[in-house]
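I opened this one to go through a few residues and then the chain–chain contact. My notes follow in the order I looked things up.

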Number of protein chains: 2
Amino acid sequence: MKPSVGGGWIEAQNSRGQTGLVPEDYIQVRGQCSIDDDEWDDESDDGKSTGGYTWSQSEEGGGTMQLWLYPQTQLDCVVADPKKGTKMYGLKSYIEYQITPNSTNRPVNHRYKHFDWLYERLMEKFGCAFPIPCLPDKQVTGRFEDEFIKMRMERLQGWMSRLCRHPVVANSEVFQLFLTYTDEKDWKIGKRKAEKDETVGVMVFTTMDPEIRELDPTEVEQKCETFSRFTRSMDDRVKDLLSVGHLHWKRCTGPLQKEYQRIGKAFQNLSSVFNTSGYQGEATLTEALTATGKTYEEIAEICAGQPKKDLHFLMETNSEYKGLLGCFPDIIGVHKAAIEKVKEADRLVAMNKIGPQDKHTMAKNLSTMSYALQAEMNHFHSNRIYDYNRVMQLYLQEQVQFYETVSSLYL
Amino acid sequence: MKPSVGGGWIEAQNSRGQTGLVPEDYIQVRGQCSIDDDEWDDESDDGKSTGGYTWSQSEEGGGTMQLWLYPQTQLDCVVADPKKGTKMYGLKSYIEYQITPNSTNRPVNHRYKHFDWLYERLMEKFGCAFPIPCLPDKQVTGRFEDEFIKMRMERLQGWMSRLCRHPVVANSEVFQLFLTYTDEKDWKIGKRKAEKDETVGVMVFTTMDPEIRELDPTEVEQKCETFSRFTRSMDDRVKDLLSVGHLHWKRCTGPLQKEYQRIGKAFQNLSSVFNTSGYQGEATLTEALTATGKTYEEIAEICAGQPKKDLHFLMETNSEYKGLLGCFPDIIGVHKAAIEKVKEADRLVAMNKIGPQDKHTMAKNLSTMSYALQAEMNHFHSNRIYDYNRVMQLYLQEQVQFYETVSSLYL
């Protein structure tokens, strides 16, 4: 771990020796704040389960900041080596991907439908609390084409890495099962258990128990409102960027490429005519015209290939965020409903319809939800900054490279 | 005059101290070939007139090469300083341009309609023998807008420079009158004389008298055929280039500019949203997004302004050549008709319908025309190489500049 490189980023090295930037928040938590290392069991609160969640809070400016407790070693995995497999004596074929987590360094194999199964489990269990990124689209035709497999693998890699970065999801039993099952039997037993998991939906909050719960309700509502506005605006802007990006992609690979090719041909054809003049001393000119023509044909290719080099990652990141942003209205809605319920509880206690203990439980649950939502907001922001910093760096590098390459063609 | 810079070009300095490339042929003629310095009078052949034409021939490869005799100092002029004038007590207004030839360094003033008058005279007198470039279009609306005046002036400059480069046209009485008239009276007298000139059309060939006239008729016909094919092909290619150039111009200043602006806005809007997050440590990111957005807006402007810097001159040159190429079918047609006439004369002599002396005169005239056409072909080729070399050099420089400028925006 190297010192801060500015902008809230720290250069870090992962277990595979790859270096990259990590948000400072990922480690500030442990360095600056009181950390609750206890774990809560899903149901019995007896501290034995491995599926518990922890968080911490950090002093920031005047207020406090709720953060998930991030592990010292960030979980990650590599999705690679897509292989065609067959079933039922070759009647059915499928693609299997190899996933290697940095925690075990032992590869496991999964088909797309297993990822889809995992997505269903995570949505069911965490969908109320965290945005679970959408899986890359299903596709019926062309499933076995190399280009499609490569693209799907890249997207599954992005999907897995994003989930690995979420400390609560990454630490969950079902996610760990997916990454570290030992054999088919282990996988089948784990699958059955996960499908029977009852701690899903809002129940997931009952498994969380922050030490400090005194949050100012007005401040919480304000923060939620700010965040809600933020995600809505960001959603609009991300969609704008995606839409103009698609347009630009189409232009670069369509009419612009064709136009550069036509210009290239026009110069070369003029050169060919000049070559038939029978007049002496125009070799330099015809060579220049031919070279210019060829340069334009090269520009056509570079221009058509450029979106894959820069726009691609910008679009992928924004598509991912479009998916994440789409999850927040529901998550915020669940929280709002809980606030209403507690307000309603006040009325019910006054009418003696419920006891003060019931009201206390409801308030406690709301408090946990508020904590979780705020930790999630901060998680979202730090990841957003990380992701956009990375994609912008790459984008700008590739843009410079593009213009330098084209200008060098002329020299 | 500096030594050859390759490709048939020599770096030269004009009387205004501007340097440029000059085709080597412009001076090779005098250096290598026998030069006929005599002049022929328009009508009396007495050597006193200043309107006579001369040429030379140069040995080239195995054959001979007919060339106009180029003057040691190339005539040129500067068209500048457009001024609005009025007539009839301010009821009629017009633009007057100042034309300064390098031969006298004394400016004369002309309106567009004077240029048009000159064009009519030159077409009438030389249209059978040389391609007279078209005048820039007339325009009724917007005649007094700065942009239009600038463009017209630039095109009149190009038109005059091209005519100045033609030794026969440049040396003609009417052209000299246009450039060097001393006062209104001089201009009016000269105008009347030029309008009464009878040595026009095919008669112009009677004023030319090459020393050597033994040209192989088969070779002449072959050369004409080659040249005719060449100009037709070049015409097609020039039109292609103009058409794709127009398309590219429209795209650069239309949809592409708008698209870059939209991308720029999309980045900046995303940056604005990020600024409202209330989350710490994203200044670097929002600055990068804003800078990228602004860069795209700059690219939009550079991209929209680029055609004026490079494509413009390429289009102007090609438009000029489109005009010149359109003149050749008539010129070649006149020559073909003369060949047919001489063939017919053989028959008429056999039938005793004309005397051998008449036939001899007709053959002599044809020979002069063949010489003139071939000198003109060579003139066309050497100018073509000169013009395209120059415009391509400029074009490529501006293209490199464009890509370098854009890549530097990112750094």
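**Entry 1: Asn318(B)**

I started with Asn318(B), which sits in helix α10 of chain B, residues 311-350. For the notebook: this is a predicted model, where local features need pLDDT of at least 70, side-chain atom pairs count only at pLDDT 80 or more, and totals for chains, interfaces and linings use all residues. Residues are numbered from 1 along each chain as its sequence is written, chains are lettered from A and ligands numbered from 1 in the order in which they are written, and side-chain values use heavy atoms, with hydrogens and water left out.

Helices here are DSSP runs of H or I with at least four residues, strands are runs of E with at least two, and both are numbered from the N terminus.

Is Asn318(B) buried or exposed? Asn318(B) counts as buried because its relative accessibility is 1%. The cut-offs I use are under 20% relative accessible area for buried, over 50% for exposed and partly exposed in between, with a 1.4 Å probe and protein chains only.

I then looked for a partner for the side chain. A polar atom of the Asn318(B) side chain lies 2.8 Å from the backbone oxygen of Leu314(B). Leaving aside neighbours within four places in sequence, I get contacts (heavy atoms within 4.5 Å) from Asn318(B) to Val238(B), Leu241(B), Leu242(B) and Tyr388(B).

**Entry 2: helix α7 of chain B**

Next I checked the length of α7(B), residues 217-253.

What caps the N-terminal end of α7(B)? I found Asp216(B) there, with a side-chain oxygen 3.1 Å from the backbone nitrogen of Thr218(B).

**Entry 3: Pro167(B)**

Pro167(B) belongs to helix α4 of chain B, residues 167-170. With a relative accessible area of 12%, Pro167(B) is buried. Pro71(B) is 96 residues away in sequence, yet the two C-alpha atoms are 7.1 Å apart. Not counting residues up to four places away in sequence, Pro167(B) touches Trp68(B), Leu69(B), Tyr70(B), Pro71(B) and His379(B).

**Entry 4: chain A**

I count eleven helices and eight strands in chain A. Of its 411 residues, 49% count as buried. For contacts in chain A between residues at least 6 apart in sequence, 67% join residues at least 24 apart.

I picked Ser271(A), in helix α8 of chain A. Ser271(A) has a relative accessible area of 1% and is buried. Its side chain makes a polar contact with the side chain of Thr290(A) at 2.6 Å. The rule for a polar contact is a pair of N or O atoms within 3.5 Å; within protein, one must be able to donate a hydrogen and the other to accept it, and residues adjacent in sequence count only if both atoms are side-chain atoms. Not counting residues up to four places away in sequence, Ser271(A) touches Thr286(A), Leu289(A) and Thr290(A).

**Entry 5: positive phi**

Most residues other than glycine have a negative phi. I noted Asp81(A), with phi near 55 degrees; Asp81(A) lies in strand β6, residues 77-87, and is partly exposed at 36% relative accessibility. Asn352(A) has phi near 60 degrees. Asn352(A) is in the loop between α10 (311-350) and α11 of chain A, and counts as exposed at 69%.

**Entry 6: the A–B interface**

How many residues of each chain are in contact? I get 63 residues of chain A against 63 of chain B. The area buried between them (accessible area, 1.4 Å probe, that two parts lose on being put together, summed over both) is about 5,800 Å², and carbon and sulfur atoms give 69% of it. In chain A, Glu259(A), Tyr279(A) and Tyr403(A) lose the most area to chain B, together 13% of what that side buries.

There are four salt bridges between the chains, counted when a side-chain nitrogen of Lys or Arg is within 4 Å of a carboxyl oxygen of Asp or Glu. I looked up Arg384(B) with Glu282(A), where the closest N and O atoms are 2.7 Å apart.

On the side of chain A that touches chain B, α11(A) gives the most, with 16 residues.

Key: Expected span 1.5 Å × (residues − 1).
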